[in-house]
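Subject: Structure handover

Hello,

Here is the structure I promised to pass on. Please open it alongside this note.

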Amino acid sequence: MRQILKIFLILPFRKLRSGYFLLFNYLNFKTMNVIYQDLPKIFGRLIISNYGSCRLGKGLIFRSDITSNLVGLYKPCSIVVAKGGSLNIEDYSGFSGVSIYCTNNIKIGKYCKFGGNVSIWDTDFHPLNFEDRRCSFIGTKSIPIVIGNDVFVGANSIILKGVTVGDRVIIGAGSVITKNIPSDEIWAGNPAKFIRKANI
């Protein structure tokens, strides 16, 4: 009985669902003027809002469905590029439930791996002055982020504005990155601190 259900109900439903998401993501990329070398492999629906410049390399993977990575995703992948912002993701990187919010400039290198629910934000979103927060976003700081090649970022980590992460860096799960990390190092914690040199 289980095999019959799988053949006649579950598998056709999965194919139909997969086809819907493929069409949705393709049309969304076209509508949002996303520039890409080839359409990324997307599991589920990628939420994207591009009002600046968004360039994606080849061989990218976005796991945006909670069943596509059982590490414990609690949200789909989302990308926002605000007016005047520039996002450039190079080739062969993978993301699971990532949140990228770009108002200035974010560059991500090749062969990077981002664990479940990682957030990359180049802005404070709100001013630090309490009076400014009452009525406007004037004074909100936004500083570029640069992430090198072969970087591994553990699940639920946050990379904040103005940070440069060197090549082959490993970031432990749940870390908050507030300062630059040189190449070939392991960092972890909140705020993240140097742990040791990575094995090369």
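Below is what was found in it, grouped by topic.

**Ground rules**

This is a predicted model: local features need pLDDT of at least 70, side-chain atom pairs count only at pLDDT 80 or more, and totals for chains, interfaces and linings use all residues. Residues are numbered from 1 along each chain as its sequence is written, and side-chain values use heavy atoms, with hydrogens and water left out.

Helices and strands are DSSP runs numbered from the N terminus (helices: H or I, at least four residues; strands: E, at least two). For accessibility, buried means under 20% relative accessible area, exposed means over 50%, and partly exposed is in between (1.4 Å probe, protein chains only).

**Aromatic pairs**

Rings of Phe, Tyr and Trp (its six-membered ring) pair if their centres lie within 6.5 Å; planes under 30 degrees apart are stacked, over 60 edge-to-face, and the rest tilted. The whole structure holds six such pairs.

Take F62 and F95. Their ring centres are 4.9 Å apart and their planes are at 10°, so this pair is stacked. The two come from distant parts of the chain: F62 sits in strand β5 (residues 61–63) and F95 in strand β8, 33 residues apart. Both F62 and F95 are buried.

Now Y101 and F125. Here the centres are also given as 4.9 Å apart, but the planes are at 65°, so the pair is edge-to-face. Y101 is in strand β9 (residues 99–102) and F125 in the loop between β12 (119–121) and α2 (130–135), so the pair ties together parts that are 24 residues apart in sequence. Y101 has 28% relative accessibility, so it counts as partly exposed. F125 has 28% relative accessibility and counts as partly exposed.

There is also an aromatic cluster, formed by F62, F95 and F114.

**I42**

I42 belongs to strand β2 (residues 41–43). Its relative accessible area is 17%, so I42 is buried. What does I42 touch beyond its neighbours within four places in sequence? The contacts are N25, F29 and F62, where contact means heavy atoms within 4.5 Å. I42 and S96 are 54 residues apart in sequence, yet their C-alpha atoms are 10.0 Å apart in space.

**S93**

S93 lies in the loop between β7 (86–89) and β8 (94–96). Is S93 buried or exposed? S93 is buried, because its relative accessible area is 1%. Not counting residues up to four places away in sequence, S93 touches G59, L60, I61, G109, K110, Y111 and C112. One of these, G109, has its backbone oxygen 3.2 Å from a polar atom of the S93 side chain.

**Salt bridges**

A salt bridge is a side-chain nitrogen of Lys or Arg within 4 Å of a carboxyl oxygen of Asp or Glu. The count comes to four.

- K161 and D124 meet at 3.0 Å, N to O. K161 is in the loop between β15 (158–159) and β16 (164–165) and D124 in the loop between β12 and α2, so the pair ties together parts that are 37 residues apart in sequence. K161 is partly exposed at 24% relative accessible area. D124 is partly exposed at 24%.
- R168 and D184 meet at 2.5 Å, N to O. R168 is in the loop between β16 and β17 (170–171) and D184 in the loop between β18 (176–177) and β19 (185–189), 16 residues apart. R168 is partly exposed at 38%, whereas D184 counts as buried at 13%.
- E185 and K197 have their closest N and O atoms 3.4 Å apart. E185 is in strand β19 and K197 in strand β20 (residues 192–197), 12 residues apart. E185 counts as buried, because its relative accessibility is 9%.

**Surface**

L23, Y26 and L27 make a nonpolar surface patch of about 290 Å². Patches are made of residues with over 30% relative accessible area and no salt bridge; like charges are joined within 9 Å and nonpolar side chains (Val, Leu, Ile, Met, Phe, Trp, Tyr) within 5 Å. Areas come from the Shrake-Rupley method with a 1.4 Å probe, and for residues only the protein chains shown count as cover. Y26 lies in helix α1 (residues 2–31). Y26 counts as partly exposed, at 36% relative accessibility.

Best wishes

Methods. Polar contact = N/O pair within 3.5 Å; in protein donor to acceptor, adjacent residues only side chain to side chain.
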